[in-house]
Amino acid sequence: TGRPQPPAADTLVVAISASGRSAETVTAMRRHVGTSMVVGVTSCPTSLIGGEAEVCLAIAADGPSGVACASYRSTAALLRGVCGLMLCEAPALEHAAAASAAVMEGRETWLARAVELLAGGPIHVLAPAERIGSAEQSALMLREVARVPADACETGDWSHVDVYLTKRTGYRALLLPGSAYEGVVMEWAVERSFPVVVAGGSLPGSALDIDLPGSDDPVVRPLIETHVAELLTAALWARDPMA
């Protein structure tokens, strides 16, 4: 931002970068070093962020692919802990890990159908405001790995900004349920005959409902629902790998 938050003794700065060297994050963090409380969140503690922050919290590394799946999920869990949302942190994380494994193991029951419904054009990912990060991460994975045009939209806002796109044929949606306004999306889906794949729930009019073990737990859901787009994008890439 051109008008950054000024440093202050009562300000907590959390600088997040998997590599620990993202230029914009380092620049923003350095404005606060020495005045604000600065916490670095990175998978590389020896990086600029890890070395210059007052406190460094480690997250999972993404491995040789460099695609930010593990680091995203690890960051989401860490931030929920920092905010006090994981009051029983170890059991909650264990539950999430078990649910994550179950989602991966059960992918053969839905993945091929999801590819069939969503391949061939842009994919729009919808999520409630409190989990918009899941939609943004899902869309990012589709762009980064499969190089598919993909965007995220808050479900309640969809009726004001994205519904217009459904007038043309070829609209496809991946919906992460939980919003009070998803019924409106499904009404348009039925009226204009576009496919909606629901990840972690069931909605009338959907083309495919994907069961995600653990998705009924509000602590676990944000840590597992991005698996759907991750697995989808891997399958799309396998069908049409980029050089």
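Residues are numbered from 1 along each chain as its sequence is written. In this predicted model, local features need pLDDT of at least 70 and side-chain atom pairs count only at pLDDT 80 or more, while totals for chains, interfaces and linings use all residues; side-chain values use heavy atoms, leaving out hydrogens and water.

**Sheets**

Helices (H or I, at least four residues) and strands (E, at least two) are DSSP runs, numbered from the N terminus. Two strands pair if DSSP finds at least two bridges between them.

A173 has V196 as its bridge partner in strand 7.

Contact means heavy atoms within 4.5 Å. Angles run from 0 to 180 degrees between N-to-C directions, and axes are lines fitted to C-alpha atoms, for helices over the stretch in contact.

Another open sheet has 3 strands in the order 1-2-3, with parallel pairing. Its edges are strand 1 (12–16) and strand 3 (55–58); each has a single partner strand, so one side of each is without a neighbour in the sheet. The twist averages 20° from one strand to the next. Strand 2 (residues 37–42) pairs with strand 3 over 4 bridges, in the parallel sense. G40 stands opposite C56 in strand 3.

**Cores**

Buried means under 20% relative accessible area, exposed over 50%, and partly exposed in between (1.4 Å probe, protein chains only). A nonpolar core is a set of buried Ala, Val, Leu, Ile, Met, Phe, Trp, Tyr and Cys residues joined through side-chain atoms within 4.5 Å.

The largest nonpolar core has 37 residues. W110, I123, V125, L174, L232 and L236 have the most contacts inside it. Helix 10 (residues 226–239) gives the most to this core, with 6 residues. Beyond four places in sequence, L236 contacts V115, A119, I123, L142, A146 and V148. Apart from this core lies another of 14 residues, including V185, A189, V196 and L203.

**Helix 5 against helix 10**

These helices pack at about 70°, with their axes 10 Å apart. They are therefore roughly perpendicular (65 to 115 degrees; under 35 is roughly parallel, over 145 roughly antiparallel, the rest oblique). Helix 5 contributes L111, A114, V115 and L118 to the contact, and helix 10 contributes L231, L232, A235, L236 and R239.

**Two buried residues**

V185 sits in helix 8 (residues 182–192). At 1% relative accessibility, V185 counts as buried. Beyond four places in sequence, V185 contacts L126, T155, W158, L175 and F194. The C-alpha atoms of V185 and V228 are separated by 20 Å, and these residues are 43 residues apart along the chain.

R73 belongs to helix 3 (residues 70–82). R73 is also buried, with a relative accessible area of 15%. Not counting residues up to four places away in sequence, R73 touches L223, T226, H227 and E230.
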